[in-house]
Amino acid sequence: MTDYTPLVAAAAHAAGPCPEGQEAAWHNRVRALAIDLAFTTREVDQAIKTLDAMHTFSAYLEKVEIEPSSRRGLLTLRPDNSGTIETIRTEQKDTVRGAAMIARAQELTGRWVLVYRYNEPTAASKKQRGNFDSVRMVARLIDLGEGALAFTIARELATADAANDARLAGQIWREAGLPEHGMIPVADLEPVRRTIRERTAPR
């Protein structure tokens, strides 16, 4: 038999002291709160189980865009320093969770993150039997710090910031005194990228 004493105690605490002469109303209030807490507990338990079953990986969050067709956030990630690019989506921008995740991703752009990913069936696969297409979705992002990127990846990002003008990117890179090999700390790279974007911005 399940012991609901902790839930009832929490509900009673939330309801506050019982006013004299209002015992029946107070008991009804406690019961309603306890039921709400029971549902919340089950929802949290299910959410944690779902989160534990998700695929996780660390990656450098390069940029966040809004996909015109779906209005979902589209995250561009680099899971390692090999040059591999992975994209992953959020819920729609006009939903509460979608807007919150997009804002979180924008806040973490330019940093290493731990990504919690799940697969969501496409609308077509939900309607058609035998169609198992899915899109990769992000459920949670945890900040892992700035870290560092391999030189080739860092230089590629800088060149993209310069509208693919490798000469300009290289010039500003050398002006900043960044090395031409090895690992480039993100803390050193970001000021260079800002300078490149400022110089290439339309006047």
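Which side chains meet in a salt bridge at 3.0 Å, N to O? Those of Glu-107 and Arg-104.

## Basis

This is a predicted model, where local features need pLDDT of at least 70, side-chain atom pairs count only at pLDDT 80 or more, and totals for chains, interfaces and linings use all residues. Residues are numbered from 1 along each chain as its sequence is written, and side-chain values use heavy atoms, leaving out hydrogens and water.

## Salt bridges

The structure holds 15 salt bridges (a side-chain nitrogen of Lys or Arg within 4 Å of a carboxyl oxygen of Asp or Glu). Glu-107 and Arg-104 lie 3 residues apart in helix α3 (residues 96-108), about one turn of the helix. Helices (H or I, at least four residues) and strands (E, at least two) are DSSP runs, numbered from the N terminus. Glu-107 counts as exposed at 55% relative accessibility; Arg-104, at 29%, is partly exposed. Buried means under 20% relative accessible area, exposed over 50%, partly exposed in between (1.4 Å probe, protein chains only).

Arg-89 pairs with Glu-67 in a salt bridge (2.8 Å, N to O). The two are 22 residues apart: Arg-89 sits in strand β3 (residues 86-92), Glu-67 in the loop between β1 (55-66) and β2. Glu-67 is buried at 15%. A network of salt bridges links Asp-161, Glu-190, Arg-193 and Arg-197.

## Arg-78

Arg-78 belongs to strand β2 (residues 72-78). Its relative accessibility is 2%, so Arg-78 counts as buried. Leaving aside neighbours within four places in sequence, its contacts (heavy atoms within 4.5 Å) include Glu-62, Trp-112 and Glu-156.
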